[in-house]
Amino acid sequence: MIAVWGIVLGLVLGKVRGGTFENLGKLQLRWLVLAFVALGIQLLTFPTPWWAHPPLAEATRGWHLFSYALIVAFLGANRRLVPLWGIAAGVMMNLVVITANGGLMPTNPDALSASGNQEVAERLAQSREATLGNVVVMSADTRLNVLGDWLYLPQWIPFGDAFSLGDVALMVGVAWLIQRAMVSKHVQPPKTDSGWD
């Protein structure tokens, strides 16, 4: 949910810089449907207070990695749009740690609790295999914990959650893309002959 704050930050910066929502509406991204499908898959594999078990609890690891494959395809199709590089950096950081942990993101239950997700933190800590949805309890047995979900927003901030360094890069990339689109009259990926069109 940290990406929500990237959207908010981008809109604020865009307005401060004299940008308009009309310009934002002119932003053209190729294969955007892939990004929305990937987001939907991640929402359905991520544990939340609204369901005891994520709807895509079966084969969660595979679904999680598949969602990242869709995001990588979307980023590849728009690779000449420079602000997406920040998003790509965050995606790759998350993909590296998720792949290293068999399709799951190491998550610190204390960070979840501090962000206001106590119920999810308790279910994760009490789970038999130390996993819940697409996350695994961060421990000495998990790999690349520095890239896992150990950061958090305080619970008094809306959309609080545990998040990773990759999520921070992703948030910055989203903000960069939105504010740039708002201040540019025409923001779209250059035409190429690479077959992405």
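Contact, in these close-ups, means heavy atoms within 4.5 Å. Helices (H or I, at least four residues) and strands (E, at least two) are DSSP runs, numbered from the N terminus. The model is predicted, so to speak of local features takes a pLDDT of at least 70 and side-chain atom pairs count only at pLDDT 80 or more, while totals for chains, interfaces and linings use all residues. Residues are numbered from 1 along each chain as its sequence is written, and side-chain values use heavy atoms, with hydrogens and water left out.

**View A. Helix 1 against helix 8.**
In this view, Ile2, Ala3, Trp5, Gly6, Ile7, Leu9, Gly10, Leu11, Leu13, Gly14 and Lys15 of helix 1 meet Asp167, Met171, Val174, Ala175, Ile178, Gln179, Met182 and Val183 of helix 8. Sorted by class, that contact has 13 nonpolar, four polar and two charged residues. Axes here are lines fitted to C-alpha atoms, for helices over the stretch in contact, and angles run from 0 to 180 degrees between N-to-C directions.

**View B. Helix 3 against helix 4.**
Helix 3 (residues 32-45) packs on helix 4 (residues 60-77) at about 160 degrees, with 8 Å between the axes. That makes the pair roughly antiparallel, and the crossing is left-handed. On the helix 3 side you'll find Leu32, Leu34, Ala35, Val37, Ala38, Ile41, Gln42 and Thr45, which meet Thr60, Trp63, Phe66, Ser67, Tyr68, Leu70, Ile71, Ala73 and Phe74 of helix 4. The class count is 13 nonpolar, four polar and no charged residues.

**View C. Helix 4 against helix 5.**
Here the axes of helix 4 and helix 5 come within 11 Å and cross at roughly 155 degrees. Helix 4 is thus roughly antiparallel to helix 5, again with a left-handed crossing. Helix 4 brings His64, Leu65, Tyr68, Ile71, Val72 and Leu75 to the contact, and helix 5 brings Leu84, Ile87, Ala88, Val91, Asn94, Leu95, Ile98 and Thr99. Eleven of these residues are nonpolar, three are polar and none is charged.

**View D. The buried face of helix 7.**
Helix 7 (residues 118-126) has Val120, Ala121, Arg123 and Leu124 as its buried residues. Down the helix axis they fall within an arc of 165 degrees, so they line one face; the arc is that of the directions from the axis to the C-beta atoms. Buried means under 20% relative accessible area, exposed over 50%, and partly exposed in between (1.4 Å probe, protein chains only). The cover over those buried residues includes strand 1 (105-107), helix 6 (109-114), strand 2 (131-132) and strand 3 (135-137). Ala125 and Gln126 are exposed on the face turned away from the buried side.

**View E. Serine 164 and its surroundings.**
Serine 164 sits in the loop between strand 5 (162-163) and helix 8. With 0% relative accessibility, serine 164 counts as buried. Leaving out residues up to four places away in sequence, serine 164 touches Asn94, Met105, Leu147, Gly148, Asp149 and Leu151.

**View F. Two residues with positive phi.**
Most residues other than glycine have a negative phi. Tryptophan 31, not a glycine, has a positive phi of about 55 degrees. Tryptophan 31 belongs to the loop between helix 2 and helix 3 and is partly exposed at 38% relative accessibility. Leucine 144 also has a positive phi, near 55 degrees. Leucine 144 lies in the loop between strand 3 and strand 4 (151-152), partly exposed with a relative accessible area of 41%.

Note on methods. Ala, Val, Leu, Ile, Met, Phe, Trp, Tyr, Cys and Pro count as nonpolar, Asp, Glu, Lys and Arg as charged, and the others, Gly among them, as polar. Angles under 35 degrees count as roughly parallel, over 145 as roughly antiparallel, 65 to 115 as roughly perpendicular and the rest as oblique. A crossing is left-handed if the near helix is turned anticlockwise from the far one by less than a right angle, and right-handed if clockwise.
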